[in-house]
Every structure is written in C-alpha cells, then in structure tokens.
Amino acid sequence: AYAYILAQGYQGQDVIVAGDSAGGGLALALVMYLRDNKIQLPAGVITMSAWTDLTLSGDSYTENFNTDPMFGGSKDTLVYHNAYPGEHDAREPYISPLFGDYTGFPPMLMQVGEREMLLSDTLEVARKAKIDGVRVKEQIYPGMFHVFQMGAKLMPESMNAWTEVGRFLNAL
C-alpha cells in the first residue's frame with residue numbers, strides 16, 4: 001500500500017503512518033522496513049495503544065492484568081493466543097518492534113491508556129526511540145483503556161486525544 005501511494009506521485013513527506021493496537025505495531029514495523037530498505041520515510045508516525053511486544057515481557061502485562069477491560073482478567077485472549085509469529089522468533093523487530101532500532105525515524109506521537117496491558121509497549125518504545133534521537137510525544141491517558149480514542153465524541157479523553165493528533169499533524 002505504501003509503495004502504491006509513492007507510485008501515485010506522493011512523497012514520503014506527504015504521508016503519515018498511523019495504527020492502533022496491532023496496527024500500531026505494524027506501523028512501526030513498516031517504518032523500520034522502509035528505513036532498512038532505503039525507501040522514503042513518512043513525515044510522521046502515530047500509534048494508539050500499540051502492540052509492540054509479542055513476547056509480553058513488559059511489566060504492564062501483569063500490573064494491569066486485572067484493570068484492562070479489553071485483554072485483562074483472562075489468558076484466553078488474542079494477546080496470549082496468537083499465531084502471528086508462526087515459526088519466527090517473536091523478538092524479531094518486524095514482529096515485535098519493541099526490539100528494534102529507531103535511529104532515523106520520523107517524529108512520532110504515541111498515545112496509550114493508563115489501564116492497558118499494552119502500556120509498557122508504548123512506554124518502552126518511546127524510551128528507546130528518544131535514546132535513538134527520535135522526536136517522540138508520548139501521552140498516557142489516566143484511567144483509560146485499550147484504543148479509547150475510538151470513543152470519539154463520547155468521552156472527553158477521546159476528544160482530547162484526537163485534538164492532540166491534530167496538533168501533532170499541524171506541527172509536522
């Protein structure tokens with residue numbers, strides 16, 4: 001899809017890559033792939049509740065197990081039973097972007113809810129990206145759950161998150 005967009009005459013600077021949940025992890029993996037293959041990078045990356053660690057190694061997987069209304073309270077969820085890595089090591093950066101290098105990445109906006117099991121995925125990627133010299137705006141929304149942004153106009157936190165997305169886009 002990204003190659004198609006570029007083939008239509010758009011430049012990487014015209015594109016923002018965004019994703020929520022597993023899509024957030026895929027957005028990060030895509031940008032790693034583009035960088036590694038010397039393909040023009042997008043102008044920015046937005047993640048919402050990104051799943052970046054398919055090894056489930058972060059502290060929030062246990063700390064938020066009983067507070068996450070989407071994935072918590074049971075190990076019978078996609079988080080624990082997922083076939084995505086197949087025969088590959090789940091630590092491979094294109095599978096779990098948490099384990100990748102962020103050098104050369106475009107600016108990133110990373111949003112996450114405080115009660116998510118995936119909280120540490122966002123926190124750790126943001127930390128690593130900052131160390132690698134990336135401009136990262138990390139936002140943790142108190143009391144919020146996985147992909148709360150989809151509440152759109154139903155919750156003030158969702159509206160605030162989308163306002164921040166607008167600010168991020170306008171600043172690029």
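**Note on the predicted model: helices, strands and buried cores**

1. In helix 5, the buried residues are S158, A161, E164, V165 and F168. Here "buried" means under 20% relative accessible area, "exposed" means over 50%, and "partly exposed" covers the range in between, with a 1.4 Å probe and protein chains only. The five residues named lie on the same side of helix 5, because they cover an arc of only 120° around the axis. The arc is taken from the directions that run from the helix axis to the C-beta atoms. On the other side of helix 5, the residues R167, N170 and A171 are exposed.

2. Residues are numbered from 1 along each chain as its sequence is written, and side-chain values use heavy atoms, with hydrogens and water left out.

3. The chain contains 5 helices and 4 strands. Helices (H or I, at least four residues) and strands (E, at least two) are DSSP runs, numbered from the N terminus. Read from the N terminus on, the order of elements is α-β-α-β-α-β-α-β-α. The radius of gyration of the chain is 16 Å, close to the 16 Å that the globule rule gives for 172 residues, so the chain is as compact as a globular protein of that length. The radius is taken over C-alpha atoms, and the rule is 2.2 Å times the number of residues to the power 0.38.

4. Several totals describe the chain as a whole. Its C-alpha atoms fill a box of roughly 45 × 40 × 30 Å along the principal axes. Of the 172 residues, 48% are buried. Among contacts (heavy atoms within 4.5 Å) with a separation of 6 or more, 73% join residues 24 or more positions apart.

5. Helix 5 covers residues 156–171, and its 16 residues reach 22 Å from the first C-alpha to the last, close to the 22 Å expected at 1.5 Å a residue. The expected span is 1.5 Å times one less than the number of residues. Against which strands do the buried residues of helix 5 pack? They pack against strand 2 (44–48), strand 3 (108–113) and strand 4 (136–141).

6. Helix 2 has 15 residues and reaches 21 Å between its first and last C-alpha, close to the 21 Å expected. Its buried residues include G24, L28, V31, M32 and R35. The cover over the buried residues of helix 2 includes helix 1 (2–7), strand 1 (16–20), strand 2, strand 3 and helix 4. Helix 2 is followed by K38, whose phi is positive, near 55°.

7. In soluble globular proteins, nonpolar side chains tend to be buried together. In this chain, the largest nonpolar core has 14 residues, and L28, Y102, F105 and M108 have the most contacts inside it. Such a core is a set of buried Ala, Val, Leu, Ile, Met, Phe, Trp, Tyr and Cys residues joined through side-chain atoms within 4.5 Å. Helix 2 (22–36), strand 3 and helix 4 (119–131) each supply at least two residues of this core. Apart from it lies another core, of 10 residues, among them W51, L54, A90 and M117. Not counting residues up to four places away in sequence, F105 touches L28, V31, M32, R35 and V134.

8. T47 is found in strand 2 and is buried, with a relative accessible area of 1%. Leaving aside neighbours within four places in sequence, T47 is in contact with G19, G24, L28, L109, M110 and Q111. V136 lies in strand 4 and counts as buried at 14% relative accessibility. Beyond four places in sequence, V136 touches M108, M110, A126, A129 and K130.

9. L56, in the loop between strand 2 and helix 3 (60–63), has a phi near 60°, a positive value in a residue other than glycine. V147 is placed in the loop between strand 4 and helix 5. Although V147 is not a glycine, its phi is positive, at about 50°. Is V147 buried or exposed? V147 is buried, with a relative accessible area of 12%.

Definitions and conventions. This is a predicted model: local features need pLDDT of at least 70, side-chain atom pairs count only at pLDDT 80 or more; totals for chains, interfaces and linings use all residues.
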